[in-house]
Amino acid sequence: MWKNEIFQISRYFGVSCGNVTLDEQFRIPCLTVKDGNKVKGIATIAKYIAKNCKQQNGILGASLEDQANVDQWLEFRSSRLDRYGTEKDLSSVLKELNSYLSSRTFLVGSSVTLADLLMFYGLHSVYSDLSYFDKQRYMHLSRWFRMMQLTSGVKQKLETIPFQRNLIYPCHGVAH
Amino acid sequence: MGFGDLKSAAGLKALDDFLGDRSYIVGYTPTQADVVVFEALSGTPSSDLYNALRWYNHIASYASQKSGFPGEKKALSEYGPSAAATPAAANDDEDSDDDIDLFGSDEEEDDEDMQKKKQALVDAYNAKKGKKPALIAKSMIILDVKPWDDETDMALVEKKVRAIEKDGLVWGTSKLIAVGYGIKKLQISCVVEDAKVGTDFLEESICGFEDLVQSMDVAAFNKL
């Protein structure tokens, strides 16, 4: 699963990703780079790939603040989204993202950043299990997710997650 | 219908509701539609209209790039809630909007690919469905047919019952069961296709032999 994600990220940047293995000890992906050194962890690898790519277009954040914020969301992704224990943990993660996105179009700044990409890939499997009710409950997150999956180059071979076109449940269900 | 007057509170509310599950006015990338609505606003929406505010801030962040957005400007009333009800604006996958290219070219290829795959799947499914006859729901019914008295000719009763013919009805085995006082009832099984034969039909037909049959009961009814 993680391997796929790294392939997707490298495809997004139009580079080959090289040799990806799974670190047995920590169960995290591990990328072997040119001189034999290893880069470990999904966020680290993603950043490595993004920095190695020529056309960055502010993918790591346009300003210094944005870059710091991107790092913060990558951290959020690895520490919260990838390591949730119970359904309750997951719903608190989704709730947090939802309320954060209520005032924003993208996670950081005003264009797609690495934070959006990684969050999207991380949430894809979560979203494929969500009910329509939950999708509407996390309306702001869903809006962002829907935009991301239709942003060119992002979704790639992943399944398109269906969303309802009209609000089908009473509005008070939206979590803020 | 559109948003109405975007300088009024009602218009802003409509815009806010509209943007609840959308990032842009049309599609999933900024277009001239966003610029038209943006320019129609008198200023920053208030903070309780957070959807509208979020969108406003986002569009404002493009500053001078706004003129470079794709699409053509239409009248303000062309955008908004009723426009969203038309398939062009609401569709996630099919980019059927005639003048606005919402997605990059490779996305379209993906879509075509998807469409082809989908079509292939549907064709395969139809072919499979065509070969296999539709499953017919059948039931096994056991009937108790009671005569008037011990002098009734049960052989004749059975003969008459078996003579009832209908599409989807097959008679099975039968036996005579003693009820008492020398009276015997006829127990007969049959298999019916649910769609074609009902117990009402059976009861009507069998009770039709008034001089022989006193009553008829369904002893058992099993779906096959």
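**Strands, sheets and helix packing**

Modeller: V20(A) stands opposite L31(A) in β2(A). This is a predicted model, in which local features need pLDDT of at least 70 and side-chain atom pairs count only at pLDDT 80 or more, whereas totals for chains, interfaces and linings use all residues. Residues are numbered from 1 along each chain as its sequence is written, while chains are lettered from A and ligands numbered from 1 in the order in which they are written.

Colleague: How many bridges join β1(A) and β2(A), and in which sense do they pair?

Modeller: Two strands pair if DSSP finds at least two bridges between them. Here β1(A) and β2(A), residues 28-32, are antiparallel and share five bridges. They belong to an open sheet of three strands with antiparallel pairing, in the order β1-β2-β3 of chain A. Its edge strands are β1 (19-23) and β3 (38-40), each of which pairs on one side only. From one strand to the next, the twist averages 30°.

Colleague: Which elements make up chain A as a whole?

Modeller: Helices (H or I, at least four residues) and strands (E, at least two) are DSSP runs, numbered from the N terminus. Chain A has seven helices and three strands, in the sequence pattern α-β-β-β-α-α-α-α-α-α.

Colleague: At what angle do the axes of α3(A) and α5(A) cross?

Modeller: Axes are lines fitted to C-alpha atoms, for helices over the stretch in contact, and angles run from 0 to 180 degrees between N-to-C directions. The axes of α3(A), residues 64-81, and α5(A), residues 114-129, cross at roughly 15° and come within 8 Å. Angles under 35 degrees count as roughly parallel, so α3(A) is roughly parallel to α5(A).

Colleague: Which residues of α3(A) and α5(A) meet?

Modeller: Residues are in contact if their C-beta atoms, placed from the backbone, lie within 7 Å. V70(A), W73(A), L74(A), R77(A) and L81(A) of α3(A) meet L114(A), A115(A), L118(A), M119(A) and G122(A) of α5(A).

Colleague: What pairing does β3(B) show with β1(B) and with β2(B)?

Modeller: β3(B), residues 183-193, runs antiparallel to β1(B), residues 138-147, and eight bridges join them; within this pairing, I142(B) has S189(B) as its bridge partner. With β2(B), residues 169-180, β3(B) pairs in the antiparallel sense over nine bridges, and A178(B) is the bridge partner of K184(B). β2(B) and β3(B) form a hairpin with two residues between them, where Y181(B) in the turn has a positive phi of about 55°.

Terms used
Parallel < 35°, antiparallel > 145°, perpendicular 65-115°, else oblique. Contact = placed C-beta atoms within 7 Å.
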